[in-house]
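Colleague: I have just opened this entry and would like a guided tour. Could you begin with the terms I will need?

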Amino acid sequence: MTKIVLVAACALVDVDGRILLAQRPEGKSMAGLWEFPGGKVETGERPEETLIRELHEELGIEVNEACLAPLTFASHSYEDFHLLMPLFICRRWGGIPQGRENQALKWVRANRLRDYPMPAADEPLIPHLIEAV
């Protein structure tokens, strides 16, 4: 039986319409690939709560739940698990995003997202972001 992993991700969009990508640090699976910030949903946690926690831990920003809008989701089978990942979009937050876990950050225009190598599950999200931004 395949293990299903629930991960919440967020496309942070700045005032110039650019989307924040974070590079997976060395030592983590898929190191070097670019992804949307977020993380695993813990037991008893809603995806929105996960993002508020993860965005604070990873980037040092404060996000209000009302500013998280569901955009789309990814459903992708990897070799040893199946990923289910709701993607939220957020245009308002407090603070300046900074990589607190030694990850590189980059603000990217939606039509340039394909220039950055991403995990396979993230790639189908790009057309939705191009339309949304």
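Modeller: Helices (H or I, at least four residues) and strands (E, at least two) are DSSP runs, numbered from the N terminus. This is a predicted model, in which local features need pLDDT of at least 70 and side-chain atom pairs count only at pLDDT 80 or more, while totals for chains, interfaces and linings use all residues. Residues are numbered from 1 along each chain as its sequence is written, and side-chain values use heavy atoms, with hydrogens and water left out.

Colleague: Where is Glu54 found, and is it buried or exposed?

Modeller: Glu54 is found in helix α1. Its relative accessibility is 10%, so it counts as buried; buried means under 20% relative accessible area, exposed over 50%, and partly exposed in between (1.4 Å probe, protein chains only).

Colleague: What does Glu54 touch?

Modeller: Leaving aside neighbours within four places in sequence, Glu54 is in contact with Gly38, Gly39, Lys40 and Leu59. Contact means heavy atoms within 4.5 Å. The side chain of Glu54 also makes a polar contact of 3.1 Å with the side chain of Arg53. A polar contact is a pair of N or O atoms within 3.5 Å; within protein, one must be able to donate a hydrogen and the other to accept it, and residues adjacent in sequence count only if both atoms are side-chain atoms.

Colleague: Changing topic, what is the volume of the largest pocket?

Modeller: The largest pocket has a volume of about 600 Å³. Of the 29 residues that line it, the closest to its centre are Val7, Arg24, Glu35, Gly39 and Lys40. A pocket is an open set of points on a 1 Å grid over the protein atoms alone, where a 1.4 Å probe fits, with protein on both sides within 12 Å along at least five of seven lines; lining residues have an atom within 4 Å of a point. Grid points are joined across faces, edges and corners, and the volume is the space filled by probe spheres set on the points.

Colleague: Which element gives the largest share of that lining?

Modeller: That is β1, with four residues.

Colleague: Let us move to strand β6. What does His82 do there?

Modeller: His82 is found in strand β6 and, at 17% relative accessibility, counts as buried. Its side chain makes polar contacts with the side chains of Ser75, at 2.7 Å, and Ser77, at 2.6 Å. Not counting residues up to four places away in sequence, His82 touches residues including Thr2, Lys3 and Ile4.

Colleague: And Leu83, is it buried or exposed?

Modeller: Leu83, also found in strand β6, is buried, with a relative accessible area of 8%. Beyond its neighbours within four places in sequence, Leu83 is in contact with several residues, among them Val5, Val7 and Ala121. Leu83 and Glu101 are 18 residues apart in sequence and 22 Å apart in space, C-alpha to C-alpha.

Colleague: Which loop holds Met30, and what is its phi?

Modeller: Met30 is found in the loop between β2 and β3 (34–35), and its phi is near 60 degrees, a positive value in a residue other than glycine. Most residues other than glycine have a negative phi. Met30 is partly exposed, with a relative accessible area of 32%.

Colleague: What about Asn102?

Modeller: Asn102 has a positive phi of about 60 degrees although it is not a glycine. Asn102 lies in the loop between β6 and β7 (105–109) and counts as exposed, at 74% relative accessibility.
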